[in-house]
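Please consult the sequence and the structure while working through them.

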Amino acid sequence: MCSLPSLSFGQSPPIKLEEFTSIAKSQLSAKSYKMLEQVSIQYMENNSKKGKLKSVTALLDDLQQDLSEIRKARAQNRQPRPAQLPGSVLEENPLDREKQMMQWQWEKLDAIESGKTFTFNEVIVYKLKLQLLWRLHSFNAERGAQVLASVVNPAERKED
Amino acid sequence: MASMKIKYTKTERARQKKILKVSERMLPLFEAMEKSLMSTILTISERIDQIRAAIEKNQKAAEPWIAVMGDAWVDVAQFISVNDTITRPVVVAGIRVQQFERVDFMEMPVGEDTPLWVDDAILLMREQLQLMSEIRCLEEQIILLEEELLEVRARVKLFENRRIPNAKTAIRKIGQKLQDDERLTIATAKVVKTGAKRR
């Protein structure tokens, strides 16, 4: 862990995910590496709901439940009542809301790893935080405009 | 005019008078049709401008959060696309055109693990796709109306520059020729009469 650059929310990702994976592969046992491969901040497989990955799965479940509640509230035209996410999230525009949710996930990950220095948990959290940073890094206005244009005007995209 | 062959007969004069009468009656109709087509095209162009402004407004409103659409986790294009544009035939300025009704979308349901911004993006894309489809329909209407306008203008020119002047000239020339012939006949008859008296 000491050889890896430190991560802070909002910074440019200091290391590629592939680099991290290759370092982890060389340093971890086959069993631990397999477990690390299963972990993703985007989704978790059902068999990851126990052991060391339990807290991460719980974090993702909480987020998913809140997203479901927000979507239900929108469909029913009522005020959403998320259980975990801060209420301020609902007032932001989609970009800021996503960033706030990611910050919330980051803080939860901080809580998961606190007091667990030099443990496998710390490696897992490092991977998830790195994924968050790469996702945050992909939020790009120019790219976003291209994506929108490609959907709204596919003919122009083909001409380009 | 130079190449125009005229039959100097009373029947031909009657025919040319009929052509002139019909042409003078048709010309105002074609002129009115030209005006109507031009005004309709202008109205449709204004509507296109309004829709473009609405698209621009939506785009501006989305600018503060458009960056999130670059999200490496999501390919938002898979969630929505246009299946078909529903139109209905209507008659505009005497021309049958297709009027925009609505867009039939192909939408993939949003999963529970899909980021929340995708919902907003789908709403925005829905609106923009609908407006773009309406523009396409209106542009097709303009193409049809402009084709008709060209034909009507050609007819107006034909009546103004060819048919009416040609008929008028023909009527005048036939009239002169018939008068000349009449005079010649009378003169000949008098000469014949005088000759007969002398004999």
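**Exercise 1.** Are α1(A) and α5(A) roughly parallel or roughly antiparallel to each other?

*Solution.* The model is a predicted one. Begin with the axes: those of helix α1 (residues 17-27) of chain A and of α5(A) come within 10 Å and cross at roughly 165°. Angles over 145 degrees count as roughly antiparallel. The two helices α1(A) and α5(A) are therefore roughly antiparallel to each other. As to handedness, the crossing in which α1(A) passes α5(A) is left-handed.

Next, identify the residues that meet. From α1(A) these are A:Leu17, A:Phe20 and A:Ala24, and their counterparts in α5(A) are A:Val123, A:Lys127, A:Leu130, A:Gln131 and A:Trp134. Sorted by class, this contact has six nonpolar, one polar and one charged residues.

**Exercise 2.** Determine how many residues each chain brings to the contact between chain A and chain B, and describe the side of chain A.

*Solution.* Chain A contributes 27 residues and chain B 24 residues. On the side of chain A that touches chain B, α3 (54-76), α4 (94-113), α5 (120-138) and α6 (141-152) each supply at least two residues. The largest share, nine residues, comes from α6(A). By class, this side of chain A comprises 13 nonpolar, nine polar and five charged residues.

**Exercise 3.** Is B:Thr85 buried or partly exposed?

*Solution.* Locate B:Thr85 in strand β1 (residues 80-92) of chain B. A buried residue would need 20 or more other C-beta atoms within 10 Å. B:Thr85 has 18 and is therefore partly exposed. Leaving aside residues up to four places away in sequence, B:Thr85 touches B:Val103, B:Ser133 and B:Cys137. The C-alpha atoms of B:Thr85 and B:Cys137 are separated by 8.8 Å, although the two lie 52 residues apart along the chain.

Key. Residues numbered from 1 in each chain as written. Chains lettered and ligands numbered in written order. Predicted model: local features only at pLDDT ≥ 70, side-chain atom pairs only at ≥ 80, totals over all residues. Contact = placed C-beta atoms within 7 Å. Helix = DSSP H or I, 4+ residues; strand = E, 2+ residues; numbered from the N terminus. Nonpolar A, V, L, I, M, F, W, Y, C, P; charged D, E, K, R; others polar. Axes fitted to C-alpha atoms, helices over the stretch in contact; angles between N-to-C directions. Parallel < 35°, antiparallel > 145°, perpendicular 65-115°, else oblique. Left-handed = near helix turned anticlockwise from the far one by under 90°. Buried ≥ 20, exposed ≤ 12 C-beta atoms within 10 Å, placed from the backbone.
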